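Please open the structure in your viewer and keep the selection tool at hand. The tour goes from stop to stop, saying at each one what to select and what is there.

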Amino acid sequence: MALLSAVGGATWRCSGRLPARHFSGAARRGERPGGEELSRLLLDDLASTPRSAGRLELLFGLSPCLLALRAARRRVARLLLQAGRSGLQGERAELLRAAEARDIPVLRPRRQKLDALCRSQVHQGVCMEVSPLKPRPWTEVGEARPGDDPQQLWLVLERIQDPRNLGALLRSAHFLGVDKIITSGRNSCPLTPVVSKASAGAMEVMDVFSTDDLAGFLQAKAREGWLVAGTVGCPGPEISPSSEIPITSCLEFLWDRPTLLVLGNEGSGLSQAVQASCQLLLTILPGRQLPPGLESLNVSVAAGILLHSICSQRKGFPVEGKREHLLQDPQEPSATSEGPGVARHPGPSSGSEQERQNGPGGLIRGHSIFFFLPHQPLLATLRIFF
């Protein structure tokens, strides 16, 4: 690792693979290492580190760096905090305290240097040089028997290649309560800093497993009693009408046993071997006739819709009444004072009372608006919370 020359009485020298820091007498007297002494470090004093030689990568963004420090799953070589910010507060102060507690070197380069190091990625003034994260072998996933919890949900990803898609998938999965993530070992995006940033740091705290034989893994879990539910776009020529695998709308899916939800590649979807290993195919029905090229959704968007439709069936998931109570303005009268579960439309009044409550094709209840698509009953329901 490159050496950092002495600046302002602070010298750095290499000890093993990590740089050992030795501050001047002022720091040894008990002053904060992140104080005036580090603020004097200049842009040119931050020597570039040959990260490839030490198998290090540059993690960037406030949430990824903070969650990486909390999880303590990476080796951290040094923390880079943007200089010029007067008085670190909130999460940045917590980040600095966590680094100091672990004796991690802290540098204060200027923004231009961070921009260059991150190749103009949005770093929020925070970067860390860290060891890479890799998916764990699926054999380490541990015993998970269907009888232990009938509402277990694992997300299985085949050949997801866009790092931002993968990050968004991990963020939605963590938010909605997915238990584990399984990825295909081949032709899949690795767990890079871009993935961590797109996941808002969820990648740092989630266990991601990998297997080179995804079809064999799915078949083994099916024999154990798990439901293997694949995903497809709108039924088309690629799905044979005589296929033995039933296709079901996600709105009609009943989650009554442990389930593996399988999503495929952004362009080609599930491979034939993986699709043949599925017992059920879930789809999201559109709300209109779609022109060629728009028959599908982005994989991370589709995952959010599918996961919410499944996880909303979980016991303990926030119910409508509790959510309305949280969203209700305490200064406003309760919606129930005007009728059972009917809220007055906030817009300008026009037409009959029935129109103002329901609207054309819609029904307002509390803080939710239910839109029923004309001529396509029960195909889709859009719920807007405000």
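Begin by selecting Glu204, which is buried, with a relative accessible area of 2% (buried means under 20% relative accessible area, exposed over 50% and partly exposed in between, with a 1.4 Å probe and protein chains only). This is a predicted model, in which local features need pLDDT of at least 70 and side-chain atom pairs count only at pLDDT 80 or more, while totals for chains, interfaces and linings use all residues. Residues are numbered from 1 along each chain as its sequence is written, and side-chain values use heavy atoms, with hydrogens and water left out.

Next select Arg136 and Asp207, whose side chains meet in a salt bridge at 3.4 Å, N to O. Arg136 sits in strand β7 (residues 136–137) and Asp207 in the loop between α8 and β10 (208–211), 71 residues apart. Arg136 is partly exposed at 31%, and Asp207 is partly exposed at 35%.

Move on to Asp179 and Arg314, which form a salt bridge with the closest N and O atoms 3.7 Å apart. Asp179 lies in the loop between α6 (163–176) and β9 (180–184) and Arg314 in the loop between α11 (299–311) and α12 (320–327), so the pair ties together parts that are 135 residues apart in sequence.

Now select the strands of the open sheet, 8 in number, which has parallel pairing and the order β7-β10-β9-β8-β13-β11-β14-β12 (two strands pair if DSSP finds at least two bridges between them). The edge strands are β7 and β12 (247–249), each of which pairs on one side only. Within the sheet, β9 and β10 pair in the parallel sense over 4 bridges, and Phe209 in β10 is the bridge partner of Ile182.

Note on methods. Salt bridge = Lys/Arg side-chain N within 4 Å of Asp/Glu carboxyl O. Helix = DSSP H or I, 4+ residues; strand = E, 2+ residues; numbered from the N terminus.
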